[in-house]
Amino acid sequence: MTKEEKLAYQGYIIRQILEAPLEEAFQIYAANFEYVQEYSFIFPHPEGNNYVQKFRNLNLDDLDVIYFFGSETLYCLNSRSFTSIMLGEDYELKIASLVSLDTQIQSYLYRNYIDNKNKIPNNIAEIQKIIDSRRCMVDGLAYTFENTLFNPEYLNSQIFKDNTYAFETYFFKNKIEAESYSKNILDLDNQILNDEFSNWFRHQYLLYYLALLVMTDININHKNLPLYQKELSFVKYFHEQIGILSDRETNLAKLFFNYGTNIKFFGKIQKGRKDIIKNLKNMAWDIFHLQNTFNNLFIIPKNADFIIPFFISYDQRLKDIAPIYKLKSAAFIKNGFNKHLNFLTDLIDPTIKYEYFTAQAYLKRQEKLKDATEVSIIAKLQIEIEKYEKFLGL
């Protein structure tokens with residue numbers, strides 16, 4: 001079996017495991033252990049652990065707490081727990097929770113820290129409880145990315161340093177410790193943004209922004225097209241012109257084509273609005289933060305086997321699109337970027353899915369990108385973005 005054949009077979013087995021009932025998935029895992037032993041799996045199961053309960057006693061009525069799995073009780077499986085079961089040994093998986101905060105929340109924490117209480121929501125204290133209690137890890141990276149991904153020099157600004165310091169004080173009672181730790185965080189942020197890998201994050205954001213531009217152009221400037229043609233136009237463009245096609249953003253486009261501005265997330269995307277580009281850019285950051293939260297599944301600290309991610313936001317519009325980001329199951333390699341996500345919602349037309357979302361279609365897109373670099377992908381996306389901004393007459 002060649003390397004390519006092995007990878008294709010491995011992907012096939014993983015997909016089978018993710019889509020099967022737990023008992024059957026366990027059998028497939030056992031029969032193909034040599035192909036999947038590097039992977040960790042998460043499944044819904046009524047006898048699994050409940051990872052939502054810890055938020056029940058918090059007064060977060062004005063907030064969206066987005067839990068990325070469709071089930072509240074989950075069963076987790078990796079090679080260590082599997083081997084223990086086979087040997088009849090007891091092995092308790094260590095599960096941690098990680099909460100990603102949107103940038104608005106971190107800005108509120110900063111205001112609270114400098115004692116500027118103006119326009120701070122009353123329940124910001126509950127956010128502070130989550131942080132201060134250390135009941136789960138808190139990821140503030142969204143703030144860093146949104147403010148500095150395309151403006152790295154902002155990392156050295158005093159307000160960014162102060163905000164990071166303010167955020168860390170909620171972890172440390174001793175402000176000297178907080179200042180020392182926040183310096184380490186800033187050094188890490190600098191490393192991330194100056195590393196070549198940062199271009200991957202930049203291309204991801206630009207891809208989401210372009211997807212929003214394309215679906216907006218189709219829905220506004222080609223509004224009389226039948227629904228199927230709108231969906232096909234969106235998919236063909238990314239398959240043929242870009243060489244990258246996301247099923248989640250295709251689902252989001254289908255949602256927009258179906259319901260338009262009745263979806264609150266798209267409420268401000270109307271023909272003739274002067275601020276449409278600004279709104280689309282902000283919406284792209286929302287999608288970026290949601291999608292990037294999935295990366296927390298496999299960047300796992302030494303004291304845990306699994307991370308269960310949450311996303312907390314004051315943005316009520318996210319409630320309308322959150323369902324298409326809900327997971328049924330997931331497989332991933334710990335501390336790597338190889339993941340397989342099995343989503344609950346699939347709005348894509350079956351004919352389109354059969355033609356454009358198969359392994360063969362994916363390989364065709366990969367062939368187009370075989371000589372591409374992150375820098376060249378970014379340059380191409382920026383050219384296409386400028387083109388579509390003009391299509392929208394702005």
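Predicted model: local features only at pLDDT ≥ 70, side-chain atom pairs only at ≥ 80, totals over all residues.
**Exercise 1.** Identify the strand in which A331 lies and the residues with which A331 is in contact, leaving aside its neighbours within four places in sequence.

*Solution.* Step one: A331 belongs to strand 7, which covers residues 327–333. Step two: with those neighbours left aside, the contacts of A331 are I14, L18, Y39, S40, F41, N338, K339 and H340.

**Exercise 2.** State in what order the four strands form the open sheet, and explain why one side of strand 3 and of strand 8 is left without a neighbour in the sheet.

*Solution.* Step one: the order is 3-1-7-8, with antiparallel pairing. Step two: strand 3 (73–77) and strand 8 (339–343) stand at the edges, and each has a single partner strand, so one side of each lacks a neighbour in the sheet. Step three: on average, neighbouring strands of this sheet are turned by 25° against each other, direction ignored.

**Exercise 3.** Describe how many bridges join strand 1 to strand 3, and which residue is the bridge partner of I42 in strand 3. Then state which helix lies across strand 1 and strand 3.

*Solution.* Step one: strand 1 (residues 39–50) is joined to strand 3 by six bridges, and the two run antiparallel. Step two: I42 has C76 in strand 3 as its bridge partner. Step three: helix 2 (residues 22–31) lies across both strands and runs at about 155° to strand 1.

Terms used:
Residues numbered from 1 in each chain as written. Heavy atoms only, no water. Contact = heavy atoms within 4.5 Å. Pairing = 2+ DSSP bridges. Axes fitted to C-alpha atoms, helices over the stretch in contact; angles between N-to-C directions.
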